[in-house]
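These are my notebook entries on what I looked up in the structure shown here. I began with aromatic rings and then turned to the sheet.

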Amino acid sequence: MKHHLQFDFLADKEKNTLTIRREFMANRQMVWDCYTKSELLDRWFAPKPLTTKTKSMEFREGGHWHYAMVEPNGTEYWGWVSYLTINPINSYTSGDAFCNEKGEINTHLPQAEWTVTFTDKNENTLVETIVRYQSLADLETIIEMGMEQGMMATLEKLDELLLTLKP
């Protein structure tokens, strides 16, 4: 049975932002945990058929998440998230960058600041993610890299995980 959950993907080329709104059939604490605990992120944070593996994570202000999205053939795409502010189960802000296995930031690819907000929507949770890029060129690069399709597929994996976590 297909549920009609809200999904918005909006690009604002004047502000160099993406706004992604996605509704999940789970309570806010459960969705928050899926976004903030490495053992849960590893189960959903990559579009199929990729998987995710965490090298290190400290979910705290000033902390980070160093992870890779892994193709079935073993090719790894490394990312670095720097946690800036955290307001438990309501929101967090973070820096996002591509990096290598050592955690060295790739300055040739776009970097962004993410603001992720969690709100109740009846018995569901609405997650709004605003991604700010430094330039229009960076925003366009990310869109061309398939950000919309990648996010859609990744968030569908979170839907599947949430079904297995239901009490």
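Predicted model: local features only at pLDDT ≥ 70, side-chain atom pairs only at ≥ 80, totals over all residues.

Entry one. I then noted how the structure holds 13 aromatic pairs. Phe 45 and Tyr 67 form one of the edge-to-face pairs, with 5.6 Å centre to centre and 90° between the planes. Phe 45 sits in the loop between helix H2 (38-41) and S3, while Tyr 67 is in strand S4, 22 residues apart.

Entry two. I next looked up Phe 59 and Tyr 83. Their ring centres are 4.7 Å apart and their planes stand at 75°, so this pair is edge-to-face. Phe 59 lies in the loop between S3 and S4 and Tyr 83 in strand S5, so the pair ties together parts 24 residues apart in sequence. I recorded Phe 59 as partly exposed because its relative accessible area is 24%. Tyr 83 has a value of 3%, so I recorded Tyr 83 as buried.

I looked up S4 (residues 64-70) and S5 (residues 76-87), which pair in the antiparallel sense over 7 bridges. The bridge partner of Ala 68 is Trp 78 in S5. Lys 55 lies over the face of Trp 78, at 5.9 Å from the ring centre.

Terms used
Residues numbered from 1 in each chain as written. Heavy atoms only, no water. Pairing = 2+ DSSP bridges. Helix = DSSP H or I, 4+ residues; strand = E, 2+ residues; numbered from the N terminus. Phe/Tyr/Trp six-rings, centres within 6.5 Å; stacked < 30°, edge-to-face > 60°. Buried < 20%, exposed > 50% of the residue type's maximum accessible area, 1.4 Å probe, protein only. Lys NZ or Arg CZ within 6 Å of the ring centre and 35° of its normal.
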